[in-house]
Structures are given as structure tokens and as C-alpha cells.
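Hi there,

Here is the structure I promised to pass on to you. Have a look at it first, and then read my notes below.

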Amino acid sequence: MSDLVATALGMIVYALIIFGFLALFALVAVYLERKISGHIQDRLGPMRVGWHGMLQTIADTLKLLFKEDIIPANADRLLFKMAPYVLFVGTYLVFAVLPFGPGLIGADLNIGAFYIVAVSSLVVIGMIMAGYSSNNKWSLYGGMRSAAQIVSYEIPVGLSLLIGVMMTSSLNLTRIVDAQIVGLGGMDGIFGWNFIQNPFAFLAFWVYVVAGTAEANRTPFDLPESESELVAGAFTEYSGMRWAFFFLAEYANMWVVSVLGAIVFLGGWHSPIPGEDVIPGMLWFLFKVFTIVFLQIWARWTFPRLRVDQLMVTCWKYLTPIAFANVIGVGLWILLF
Amino acid sequence: MRDLHTEEMTINMGPQHPSTHGVLRLRLRTDGEVVTGIEPVLGYLHRCFEKHSENLEYPGVIPFVDRCDYLAAMNNDHGYAMAIEKLLGIEIPERVEYLRIIFAELQRIASHLVAFGTFGLDVGAFTPFLYAFREREMILDLFEMTCGARLLYNYIWVGGLSHDIQPGFVEKTYNFLDHFEPKIQEYNSLLTNNKIFIERTADVGVLPAEVAINYGVTGPQLRASGVDWDLRRDEPYSIYDRFDWDVILGSEKVGVLGDCWNRYYVKILEMQESAKIIRQALDDLPVDGDVQEAIPRKIRPPKGSFYFRSENPRGELGYYIISDGGTKPFRVKMRSPALCNLSVIDEIGSGWLVADIVAILGSLDIVLGEIDR
């Protein structure tokens with residue numbers, strides 16, 4: 001009996017640690033985003049709060065905590081209140097199987113990749129709830145667009161992750177990383193990484209990056225919250241901590257997309273320099289994840305956004321056929337070489 | 001399965017909305033995401049400019065005229081001052097004419113920069129907006145150096161100017177032009193030739209030439225539809241006929257004539273042409289002359305009515321002035337180019353998606369201050 005209690009306590013503690021980590025990552029990522037966007041736009045970004053604005057996000061979080069909680073008059077109160085949590089849960093559940101470094105994983109499920117793709121679909125429900133319950137036509141538009149977008153882009157994402165699974169013959173994330181130790185020409189380092197093992201995997205990596213950006217609702221795919229058209233789309237009527245939860249979920253999503261990209265395509269925590277093992281794996285892992293995060297931030301401040309039908313065309317007419325071709329190509333490659 | 005009962009949804013865009021350029025309210029009738037009808041509801045920025053002008057003496061109207069199209073204040077002043085000068089037959093000194101052209105064209109560049117930046121913002125590109133405003137800051141510095149104001153100047157008076165230029169102005173303007181002309185290539189690579197931007201704006205909101213003429217659309221919007229009409233060349237006022245520059249028309253290079261991309265690109269190229277004009281004016285600027293010598297003591301036009309038009313960055317800006325022989329006008333009516341440009345939105349916006357309405361509205365480059373007056 002006390003075994004059960006201990007396990008339950010362990011799970012709760014782990015969940016809280018993950019939540020704390022997410023909050024920390026959101027802090028860092030928001031600061032990074034504001035600084036990087038500032039420098040891209042020929043300005044400085046936050047400079048006053050703390051040294052070069054480092055404490056800015058903390059100040060913003062405090063402000064959001066104290067903000068008045070406004071619920072629109074004719075909104076569906078229950079759905080309105082539950083929507084941020086449902087959305088967050090969809091992203092949060094993924095963290096149970098997401099590794100943070102060699103051996104640092106919550107539950108080393110044998111069906112890790114499959115679990116992730118399945119569970120991350122829950123966010124759609126949260127978006128639709130938010131859009132519908134706000135009693136605001138613009139939010140409704142945002143919610144509908146978002147549902148269509150997330151559901152559609154899961155397919156190229158899933159197919160691209162399938163490439164990694166095929167090359168490793170396993171859905172277990174740790175095994176996928178470990179299979180990338182040795183690769184091209186028997187060399188380790190960067191030559192072991194999945195994304196350069198064959199041309200189809202290389203293509204699949206870029207399909208994954210594009211589709212992953214769409215999954216995370218980032219420009220050029222940020223139509224659900226396109227600021228210039230829908231104010232904030234599905235989240236227009238949310239204020240204070242409720243909105244902060246959506247924001248947290250968006251950055252958590254960004255983290256998930258980047259981590260999966262690093263694990264499946266970029267060799268996880270293995271160093272790119274062949275034969276080197278001085279720098280801890282965790283640092284390489286963070287470096288790769290933040291590279292993909294940086295790519296997403298960079299893309300957001302450079303490109304205009306796609307219209308909703310162009311977004312759908314990109315997914316169904318371009319990314320999905322390319323992803324299918326990749327799967328077939330990788331399969332043939334593995335068979336023949 | 002029984003027929004699904006679907007209805008059109010009437011949705012309100014604005015008056016507070018990130019993308020209506022000012023307090024504009026658009027009532028959209030939509031069927032899903034497709035817009036079937038647009039009805040602009042105006043008046044949120046109405047400040048009774050025309051009524052006020054009946055109680056002011058002629059020179060006193062100039063600050064009010066500034067505030068109508070606040071992004072092109074110099075051009076507004078210029079049009080009004082020229083209207084009164086034509087009425088009274090005042091001869092303007094050479095130096096004043098050259099300075100007026102320089103400021104009018106600098107203001108044209110500033111206005112087009114805002115149009116370009118906010119258009120990028122409308123389609124989701126955040127960065128070009130800041131680049132455009134970086135250049136615009138340099139122009140506003142030039143204005144502040146001359147008359148003390150950044151946005152609303154009260155500078156071009158009937159018969160002259162309110163201040164002469166400071167020493168160092170000419171050099172600063174040359175520096176600005178040298179800095180600005182390469183920047184247009186930067187804008188082109190960031191936005192104009194960007195595939196996503198082209199997808200969003202080419203072939204969208206096509207305005208055929210006859211429709212444009214029928215609705216009274218003027219300015220870059222008209223020229224983007226292929227109609228070769230620019231008041232600076234076709235009805236020359238001030239000393240525009242002394243300069244060598246081209247009128248920019250739309251092209252079929254990317255998309256079709258009269259689409260959003262063309263309306264945007266015409267403005268980019270017009271900025272280059274304005275830079276050319278400014279250079280020529282600076283080269284030939286007469287060095288001496290009092291800018292205030294021709295300003296009349298009292299302005300008392302003869303009885304009658306008079307219409308004068310000039311080329312605003314947005315189109316044909318017209319002033320219809322009725323004088324009853326006194327020192328205050330009986331009526332000043334401003335023909336607002338943005339209002340006539342906006343009137344075409346139902347025609348070209350129906351049948352497009354909501355996201356396209358934002359792009360089309362941005363390409364029409366409206367300023368509510370001028371529409372509502």
C-alpha cells in the first residue's frame with residue numbers, strides 16, 4: 001500500500017517539476033522571442049526591467065496574475081473556463097514520455113512516438129471550446145480555423161516522425177536516439193544523425209520543421225490567432241491568467257515540436273563532433289532544441305502569414321504527398337542499403 | 001440527410017480593429033469565410049472640419065486641413081495654399097516653389113512608407129513595418145528641423161512658408177536620399193518578392209480600370225489598374241513640369257493589372273520617383289529669397305466658387321471653395337481621395353475571404369481623418 005502511495009507521490013512530484021520547467025521555459029522563450037524580434041526589427045527589445053530586460057517576463061507574469069478576470073456576458077461559462085486547461089492538458093500529457101537528456105525521461109514507453117502523436121490531438125478540443133464559448137464571432141472564426149489547421153498538419157508531422165521510427169524499427173524515443181550513434185560510413189558524430197542518412201530523411205526533416213511550426217500555430221501559420229485580422233482569434237476574450245495559460249501552452253507546444261525534431265532527426269543528446277564526449281549530452285541536446293526554437297522565432301518575424309485556404313493547400317497538396325513519398329523512399333532505401 | 005440550414009453571418013469589423021486603418025467600421029456579410037457584401041459605416045472620426053472652416057479666416061484653415069489626412073499633411077497644406085493663390089492670382093517666389101516641392105515629395109515618401117509598412121502588417125509580416133518607420137523617422141527629423149513639428153505642420157502658407165529651412169537641411173536631405181534609395185531593394189527582397197506575400201496579394205481584389213474610373217478612384221490605386229493619369233504631369237501645378245520623372249503604372253509582372261500587389265508595388269516605385277524629384281529640386285534650389293515676402297496681408301477673395309485639385313499620395317485631393325467676398329470662406333469642401341477609393345471596396349471585396357478583405361483594405365491606403373473630415 002505504501003508502495004502505491006510512494007509511486008503516486010513520485011508521479012505528482014514529477015508532474016510538478018515538469019510544470020515548473022515549462023513555466024521556466026516559457027519565461028526564457030518569451031524573453032528570447034522579444035529580444036530576437038527586436039534585433040531583427042532594428043530595435044532593442046526589453047531593456048529596462050533587469051539587466052537588458054531579463055526580468056521582463058517575470059514582471060509580465062506578475063501583472064497577469066493581478067489582472068481582472070473578465071468573462072464575456074453571454075459566454076458559456078463552463079466551457080470558457082475549461083478551455084485553457086483542456087488545451088494545456090493536450091500539450092502537457094506529451095511531457096510524460098519526453099526525454100530531457102540521457103536517462104532523464106518520465107516514462108520510457110515502448111510506444112513513445114505513437115503516444116505523442118495520439119495525445120497531442122487533444123489541443124484541438126481546447127481550441128474549439130475557446131472559440132465557441134467566447135460568444136464572439138471573431139473567436140469562432142479563430143477556433144474553426146485552428147481546428148482545421150491542427151488536425152490537417154498532424155498528418156505530415158506523423159509521417160515525418162514515422163521516418164525516424166522506420167530507421168530505428170522502434171517507437172521508443174530513447175532507442176531512436178541511441179540508434180543515431182553510428183551512421184554514414186561507420187562514423188559517429190553528426191554522420192550518425194537521422195536527417196542525413198538518406199535524402200528522404202533530409203527532406204522529411206524539413207517537412208517536419210514546417211509542419212511542426214504549423215502545429216505550434218506560429219507564423220506563417222498563425223491564422224488562428226492572426227493579430228491583424230482577428231485581434232487574437234480564439235483567445236480574444238481571455239484576460240489575465242486564463243490567457244497566460246494559452247500562452248504557456250503555445251510555448252510548451254513549441255518546445256515539444258523542437259524536442260521531437262532534435263530526437264528523431266538531429267541525434268538527441270549525441271555530439272556532432274565524431275569521437276567527442278567531453279561536453280555533456282544534455283548541453284548538446286539543449287543546443288539542438290534551441291536551434292529549432294530559434295528557427296521558429298526567426299521565421300515568425302520574417303514571413304507574412306498564409307491565408308486559411310492557402311494553408312490547407314500547402315498541407316494537403318504539398319506536404320502530405322511529399323511526406324508519403326518520403327515514407328516510401330525511406331522504406332525502399334532501408335530495404336536496398 | 002436533410003438540407004443543412006446555413007445562413008449568412010453579419011459580422012462587424014471595427015471600429016476598433018487592428019487592421020482597419022483608423023476608426024473604420026465595416027459590416028461584412030459572410031457565408032462561412034467568404035464575404036458576400038461589405039458596407040462601410042463612416043463618421044467615427046468626423047470632426048466638423050468643413051463647418052469649422054466657415055468661422056476661420058482663410059489662413060486659419062490650414063492647421064485644420066493638416067489634420068484631415070494626417071499622414072500627408074504637407075500635401076494637404078500645399079493643395080489648399082495653391083487653391084487660394086490661384087484665386088487671388090498671387091505670384092510665388094522661386095525659392096518657395098522649390099522648397100514646397102521638396103517638402104511635398106518628402107511627405108509623399110513618408111506617406112507611402114506608412115502604407116507599405118502597414119500593408120505588410122496586415123498580411124502578417126511584422127518586420128517591414130519597423131524598417132519603413134526607421135526611414136520615416138529620418139524624414140520626420142527633417143520636418144522637425146524646419147518647422148518644429150513631426151506630423152502636423154501648418155507650414156505651407158498662402159503665398160509662402162512659415163519658416164525658412166535651417167542651415168544644414170540640404171546636406172541632411174542628401175544624406176537621407178543616399179541612405180534611402182538602397183533600402184528599397186531591401187524592402188523588395190523582404191516583402192515584394194516573397195512567395196507568401198505574392199500568394200496573399202497577387203490576383204486578389206482586382207480593380208478593373210473602368211470600375212476604378214466610375215467610382216472615382218485616383219492616385220496609385222488608379223495607376224495600378226493601368227490608367228495613365230497623374231495630376232502632377234497631366235494638369236501641372238506648382239513647378240512639377242520642370243522635373244524629369246516617370247509616372248508609375250501597374251504591370252502584369254506578378255499577378256494581374258489592378259490587384260493588391262500592383263497597388264502596393266506602384267507605391268514602392270513612386271517612392272523612388274519622389275526621391276528623384278527631390279534630388280533635382282535640391283540641385284536647383286535658389287539660394288536666396290525671403291520665404292514670406294509674397295504672403296498677403298489680408299486675404300479677401302472675390303465672390304464666387306472655385307475648385308482646385310492636386311495629387312495627394314492617396315489620389316486627387318480637391319478643394320471647392322465658395323467665397324462671399326469676406327475674409328472668411330463661405331464654404332470649404334474637401335474632395336477626399338480616400339473616401340472615393342474606399343467606395344469601391346464592396347465591388348472588389350465581395351467574393352473574397354475575410355483575410356483578403358484585410359489585404360484589399362490595406363492596399364487601398366485609406367486614412368480615416370480624410371474620409372470623415
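Predicted model: local features only at pLDDT ≥ 70, side-chain atom pairs only at ≥ 80, totals over all residues.

Let's start with the contact between the chains. Chain B brings 35 residues to it, and chain A brings 25 residues. Together they bury about 2,700 Å², with carbon and sulfur atoms giving 61% of that area. On the chain B side, B:Glu33, B:Phe126 and B:Ile196 supply 22% of the area buried against chain A, more than any other three residues.

Next, the polar side of the story. Between chain B and chain A there are two salt bridges. One of them joins B:Arg134 to A:Asp42, and the closest N and O atoms of this pair are 2.6 Å apart. Seven residue pairs are in polar contact across the two chains.

Which elements of chain B give two or more residues to the side that touches chain A? Among them are the strands β1 (9–13) and β2 (25–31), along with helices such as α4 (94–122) and α5 (127–147). The largest share, five residues, comes from β1(B). Sorted by class, this side of chain B has 20 nonpolar, nine polar and six charged residues.

B:Asp284 counts as partly exposed because its relative accessible area is 45%, which lies between the limits of 20% and 50%. B:Asp284 and B:Tyr98 are 186 residues apart in sequence, yet their C-alpha atoms are 8.1 Å apart in space.

Enjoy exploring!

Definitions and conventions: Residues numbered from 1 in each chain as written. Chains lettered and ligands numbered in written order. Heavy atoms only, no water. Contact = heavy atoms within 4.5 Å. Buried area = accessible area lost by both parts, 1.4 Å probe. Salt bridge = Lys/Arg side-chain N within 4 Å of Asp/Glu carboxyl O. Polar contact = N/O pair within 3.5 Å; in protein donor to acceptor, adjacent residues only side chain to side chain. Helix = DSSP H or I, 4+ residues; strand = E, 2+ residues; numbered from the N terminus. Nonpolar A, V, L, I, M, F, W, Y, C, P; charged D, E, K, R; others polar. Buried < 20%, exposed > 50% of the residue type's maximum accessible area, 1.4 Å probe, protein only.
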